[in-house]
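Have a look at the sequence and the model, then read on.

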2 protein chains.
Amino acid sequence: MKIFLTGALGVNGLSVLRELLEAGDEILATDIATDQPLPADIAKNIHFEPLDVTDGEAVDTSVRNFKPDAIVHLAAIVSLDVPVALTYRVNALGTINILEAARRNSVGRVVYTSSRAVFGQFDGDFGPPNYRPVPETFRREAWPGAFGPYSASKIMSEDAGTQFAERYGFEFTALRFASIYGPGKTLRHGAVGVHSRIVEPAVRGESVTVARGGDQIDDMVYIKDIAQALRKAAHMKVAPKPAYNIGSGVGSTLTQFAEAVRKTLPDADIHIGGGLDHLGVVDRYGIFDNSAATRDFGYQPEYDLTSGVADYVKSLKEDALLS
Amino acid sequence: MKIFLTGALGVNGLSVLRELLEAGDEILATDIATDQPLPADIAKNIHFEPLDVTDGEAVDTSVRNFKPDAIVHLAAIVSLDVPVALTYRVNALGTINILEAARRNSVGRVVYTSSRAVFGQFDGDFGPPNYRPVPETFRREAWPGAFGPYSASKIMSEDAGTQFAERYGFEFTALRFASIYGPGKTLRHGAVGVHSRIVEPAVRGESVTVARGGDQIDDMVYIKDIAQALRKAAHMKVAPKPAYNIGSGVGSTLTQFAEAVRKTLPDADIHIGGGLDHLGVVDRYGIFDNSAATRDFGYQPEYDLTSGVADYVKSLKEDALLS
C-alpha cells in the first residue's frame, strides 16, 4: 500500500514508520519539523517531504503528487506552552486540510490519531474504585484548563472525519490512544510525558522524583502497540466504527511503572509520591476497553509494563532521534 | 461603545445593526458578501468593510485599525449545499481568527452567535410530550447528517471562546439561538428557513404548502428578539456564564405559526401537513429555558408569533434587503 504519513517526526512517527516498512508499504513521510534526522535504516527506505498541515494548498499538492491509498494523520500540537490559536490551527484546521485533500484526490482511507482527551471525566463505574473499562460510546467533552484546546480540537476532528466519510464516501477511522509511553515524549511533549521523566533520567543514572500521583490508576500503552494499531487500521478493508479505543486494557500506577523500570535498571533511584493525578493538569484517568479494535482489526497489545519499559530503554540507546 | 460586527449582511445582521445604532454604538460592519446594499438609514450611520473571516491577517488588521470595545461575531455558513471543508473553515477557523484578533488587540469582549445545533436530541423530559425547557447545561453533541459540520463547528467555537477568555482574560459570551424567523432566511439559508417559506409566498398572494410537520413543537424566536439579546450581551459588563440560551421560551407548532400569518394576512392560502419534523434533516426540537439570560443581562423576548409575523410582513414591504 501507498501510505501518506503526517507528523512523521513526532512521538509516534518513528515507530509507525518501522511498522509500515515491515509491512512492505511505500511511504511518503511528512513533518513540519526538520530538527531531527531520521535513523538511517528508515531514511533510506522512505520518501520525506517537509509539510505544514495548516497550508491547505501544500497538503493538497503533496497528496495529489503521491497518490496514496491511505493517509495516516499524526500531526498535532500536544504542548501546553503554545498560543491557543496555534493548537486549533494545527489540530483542527490541519485535519480539515487532510480530509479535504483526501476527498479531492480520491484517497480511500484516512486514519486519524485521536486521544483519551476526547472523553469526559471517567466517573461513576468508570472511575475509582471500579475503573470499569471505558467503551467508545462514553461521553465526549472538552477538558477544562490547559488541555482544553487539544481536547476540543480532537473532538471536532473526529466529527469532521466522520462527516467527510459519510458525505464523500471514503473510510475514516479515529484511534483514541490511552496514556502513551516511549521515547520522544520529552522532546515533543515536555512535562506532559511523565513516564519519560521517570525512565530517561534513570537511564542516565540520575535520581528521579515525581512528587505525587503514585496511586493513580491509568491505562499506559507502549508506543509500539500504538504503531501496531495504526498499521492495522491503515490496512483494514472496511472500518465498521468511526472511532476505536486503543490502550493496554490494563490499569497501572506510576508506582508499578517505577517497579517495571527497576526490573531493567536495578540501580534506578526513583521516588514516586502517593496520591492521584501526578500532573495536576490532567484529571481524567481510567482504563480503555479495546475489544472493538480487537474484533474489527485484530489489535492486540503486545507489551506489558515490564517488556515495554525494557524496549524503551533499549531504544534510547539505539536511536539518536528523540532521546 | 465601539462594536465590530461580522456577518453584517447575513440574516441577523440588519436587525442587529438597527439595535446597536439605537443604543448609540459606533459600528464597523463587515461581511464577505457585497451582493445586497444596506438600507440607507443604516448605511449612512456606520462604517462598512468587506471581510473574509477565514483570512486571519485581514481580520487582525481590521480589528487593530478599528480598536473596538467588543466584537459581535455573526459570520457563519448555515447552508447545507456547500463543501464540508468550507463550513469548517468559515465557522471554526473563522471564529479562531476572531478570537485571536481579540487577544492581540486587547478587545474586552467577544459575543458569539451559537445555536441550538450544539445540543443533542431533546429527549427524556425535554422532548415530547413534556417539552421541559432546555437549560444551558443540556448535553452537547454533533448532529448526524447534513447539519453535522455546522453543529460540530459551533460546539468547537463555544469551547475555543471559553478557553481564550480563560487564558487571556477577556469576556466571551456565546448566545445559542432557538429557531429564528424573520426576513432574510430565504436568501441566506435556503430551504432551512421553513417560516420564510410560509410567510413570503403568502405576502405575494401565492398559496403555500408544507407537506408535513404541523404538529412539531418548536421554540420560534423573532429576529428582533435575537438582536435585542445580542445588543444586551455586547453591553453586559461581566458575563457570568460562557453560554446562554436565547429563545421565545414558548413552544409553538407550524400550524400555530400559519394561524399567526392569517391574522396579518387574512386571505393567506396556507396548507400545513400534520406530523413532526417538517424538514426531514433536523430532528431536534424543543423549548429553550431563557432564565439565565433574563437574570444575567435582562433578555426578555418582546415578540409573540402574532406580533413577530406582523413585523416580519411589514419589514418585507420596507426593506429591499433580504426579502
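## A serine tucked away

A residue counts as buried when its relative accessible area is under 20%, and as exposed when that area is over 50%. Keep in mind that what you're looking at is a predicted model. With a relative accessible area of 7%, Ser252(A) falls under the 20% cut-off, so it counts as buried.

Where does Ser252(A) sit? Its place is the loop that runs between strand S10 (243-246) and helix H9 (254-264) of chain A. Leaving aside residues up to four places away in sequence, Ser252(A) touches Gln216(A), Ile217(A), Asp218(A), Met220(A) and Leu305(A).

## Where the two chains meet

Now for the meeting of chain A and chain B. On chain A, 26 residues are in contact with 26 residues of chain B. Together the two chains bury about 2200 Å², and 57% of that is on carbon and sulfur atoms.

How many salt bridges cross this interface? The rule finds 0 between chain A and chain B. Polar contacts are another matter: 10 residue pairs are counted between the two chains, with both residues at pLDDT 80 or more. On the side of chain A that touches chain B, the elements giving two or more residues are helix H4 (84-104) and helix H5 (148-168) of chain A. H5(A) gives the most, with 11 residues. Sorted by type, the residues on this side of chain A come to 17 nonpolar, 4 polar and 5 charged.

## Rings in pairs

Searching the whole structure turns up 28 aromatic pairs over all chains. One of them joins Tyr112(B) and Phe172(B), whose rings are stacked, 6.2 Å centre to centre with 25 degrees between the planes. This pair links distant parts of the chain: Tyr112(B) belongs to strand S5 (residues 109-115) of chain B and Phe172(B) to strand S6 (residues 171-177) of chain B, 60 residues apart. Are these two partners buried or exposed? Tyr112(B) counts as buried at 1% relative accessibility, and Phe172(B) is buried as well, with a relative accessible area of 5%.

Trp143(B) and Phe147(B) pair up with ring centres 5.6 Å apart and planes at 70 degrees, so this pair is edge-to-face. Both Trp143(B) and Phe147(B) are buried. Over in chain A, ring pairs link Phe119(A), Phe122(A), Phe126(A), Phe138(A) and Phe288(A) into a cluster.

Key:
Residues numbered from 1 in each chain as written. Chains lettered and ligands numbered in written order. Predicted model: local features only at pLDDT ≥ 70, side-chain atom pairs only at ≥ 80, totals over all residues. Heavy atoms only, no water. Contact = heavy atoms within 4.5 Å. Buried area = accessible area lost by both parts, 1.4 Å probe. Salt bridge = Lys/Arg side-chain N within 4 Å of Asp/Glu carboxyl O. Polar contact = N/O pair within 3.5 Å; in protein donor to acceptor, adjacent residues only side chain to side chain. Helix = DSSP H or I, 4+ residues; strand = E, 2+ residues; numbered from the N terminus. Nonpolar A, V, L, I, M, F, W, Y, C, P; charged D, E, K, R; others polar. Phe/Tyr/Trp six-rings, centres within 6.5 Å; stacked < 30°, edge-to-face > 60°. Buried < 20%, exposed > 50% of the residue type's maximum accessible area, 1.4 Å probe, protein only.
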